Amino acid sequence: MTSILALTGVSKTYASGHQALKHVDLEIRKGEIFALLGPNGAGKTTLISIVCGIVTPSTGTIAVAGHDALADYRAARRLIGLVPQELSVDMFETVLATVRFSRRLFGRAPNEAYLEQLLRDLSLWDKRGAKIMELSGGMKRRVLIAKALSHEPDILFLDEPTAGVDVSLRRDMWKLIGSLRERGTTIILTTHYIEEAEEMADRVGVINKGELLLVEDKTELMKKLGKREMDIALVEPLAAIPAELSEWHLALENDGRTLRYVFDAQAERTGIPSLLRRLHDLDIAFKDLETSKSSLEDIFVDLVEQK
């Protein structure tokens, strides 16, 4: 798949000496949804700000659809839309005027039909004449999204787009993202709602303390790093795990009524048959078995803790 964004050796060290990014190499494919996951202070917003021209990198190069983002800033920035975490709008301006101005700012010709459809998609059309200061927090967030999309960018950055917003906006957001993806827009998002990244993203990047720990296709990542859990529902509760079961590193749950075994489904030997035989030998009867996969959140937490 064609690359639309390429970062090579990008780092950022501030005057205070704080290194926010450490030699990041990253390629984003045209038309994909890429989720960047990391705890607060990991460097997600710094990375986005550098690509969008808000922060100057200390080292490295950035190419946006072949344009050097530093030497040919205007051409590169015209291809990018950004929905920031913080509100950044003129509170005394109306919704429609704000979105029109943002489109003109990028040198795009007027297109009232496009702007109307955009505002309708974000449930803002009925508020087009309202001043920003009159809107609720959720509606202000919708205006930020409309501004970012006003010039029909090829790449859309969403920095924690649904943090602290209502369920209705979150639903509209993901519906809009789906339609943008169908039109070929490349979407890069940071999020704390890992279940959303798990559902929407094609690839996942994990960043912590300024270091990009890995970039992987979501499905392959979960296949390689995801563990499985097996819950064994016991007929009679146990007060403690017998020493004879120590090699399986079991956990006792549900007031002693459930034994939990975590195993690697990709391993040649999972240990399940031998565990069940040992339970039989110890006269520990069970009435049910249930297995489940690790979520993307489990994998993310494990990766960060390992580092």
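## About the model

The model is predicted: local features need pLDDT of at least 70, side-chain atom pairs count only at pLDDT 80 or more, and totals for chains, interfaces and linings use all residues. Residues are numbered from 1 along each chain as its sequence is written, and side-chain values use heavy atoms, with hydrogens and water left out.

## The chain as a whole

Let us begin with the overall picture. The chain holds ten helices and 14 strands; helices (H or I, at least four residues) and strands (E, at least two) are DSSP runs numbered from the N terminus. Its radius of gyration is 24 Å, whereas a compact globule of 307 residues would have one near 19 Å. That radius is taken over C-alpha atoms, and the globule rule is 2.2 Å times the number of residues to the power 0.38. Along the principal axes, the C-alpha atoms fill a box of roughly 80 × 45 × 40 Å.

Of the 307 residues, 46% count as buried, where buried means under 20% relative accessible area, exposed over 50%, and partly exposed in between (1.4 Å probe, protein chains only). The accessible surface comes to about 15900 Å², and carbon and sulfur atoms supply 48% of that area; the areas come from the Shrake-Rupley method with a 1.4 Å probe, and for residues only the protein chains shown count as cover. Among contacts with a separation of 6 or more, 71% are between residues 24 or more positions apart, a contact being heavy atoms within 4.5 Å.

## The open sheet

Back to the strand pair of the opening question. Four strands form an open antiparallel sheet in the order β2-β1-β4-β5, where two strands pair if DSSP finds at least two bridges between them. The edge strands are β2 (19–29) and β5 (67–68), each pairing on one side only.

Strand β1 (residues 3–13) runs antiparallel to β4, and five bridges join the two. On to the next neighbour: β4 (residues 59–64) is antiparallel to β5, with two bridges between them, and A63 has D68 in β5 as its bridge partner. The hairpin of β4 and β5 has two residues between the strands, and A65 takes a positive phi near 50° there.

Now for β7 (residues 155–159), where five of the five residues are buried. In a regular strand the side chains alternate between the two faces of the sheet. In β7, I155, F157 and D159 are buried on one side, and L156 and L158 are buried on the other.

Strand β6 (residues 80–83) pairs with β7 in the parallel sense over four bridges, and the partner of L82 in β7 is F157.

## Two helices

Helix α1 (residues 44–51) is mostly covered, with seven of its eight residues buried. The buried set is K44, T46, L47, I48, S49, I50 and V51. Just after α1, G53 takes a positive phi of about 85°.

D121 lies in helix α4 (residues 112–121). Is D121 buried or partly exposed? D121 is partly exposed, because its relative accessible area is 32%. D121 and M173 are 52 residues apart in sequence, yet their C-alpha atoms are 9.2 Å apart in space.
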